[in-house]
Amino acid sequence: DLTTAGARVLLRTDRIVVQGSQSTPLASVPAAKVDQIVVYGNSLVSTALLRDCATQGVAVHLLDHRGNRAASVEPDPCRNTGLWLAQ
């Protein structure tokens, strides 16, 4: 969960990096260890990260400062239809 107002969430060489408003590093985690991202309030999420999350099956949820859902970017559920049928 990201709760720092004005933070930026970026993809950097297979890592998800969170930077503060002055580009100060707040967190860095391997992208492979993340199963979803929840952003509260006014923060920036890079399009490269959104695209990578969609490709890797990671949902990104954007909430307002009260916690109400504004939008979600989720992977296409039809991409793995063959796998679902095989299971």
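The stops below begin with confidence and then turn to individual residues.

This is a predicted model, in which local features need pLDDT of at least 70 and side-chain atom pairs count only at pLDDT 80 or more, while totals for chains, interfaces and linings use all residues. Residues are numbered from 1 along each chain as its sequence is written, and side-chain values use heavy atoms, with hydrogens and water left out.

**Confidence.** Colour the protein chain by pLDDT, the predictor's confidence in each residue, from 0 to 100. The chain has a mean of 87, and 87% of its residues reach 70 or more. Among its elements, β2 has the highest mean pLDDT (95) and helix α2 (residues 81-86) the lowest (64). Helices (H or I, at least four residues) and strands (E, at least two) are DSSP runs, numbered from the N terminus.

**Gln19.** Select Gln19 in strand β2 (residues 15-19). Gln19 counts as buried because its relative accessibility is 15%, buried meaning under 20% relative accessible area (1.4 Å probe, protein chains only). Beyond four places in sequence, Gln19 touches Ala7, Arg8, Leu10, Thr24 and Leu26; contact means heavy atoms within 4.5 Å.

**Ser43.** Finally, select Ser43 in the loop between β4 (36-40) and β5 (44-45). A polar atom of the Ser43 side chain lies 3.1 Å from the backbone oxygen of Thr4.

Conventions: Buried means under 20% relative accessible area, exposed over 50%, partly exposed in between (1.4 Å probe, protein chains only). A polar contact is a pair of N or O atoms within 3.5 Å; within protein, one must be able to donate a hydrogen and the other to accept it, and residues adjacent in sequence count only if both atoms are side-chain atoms.
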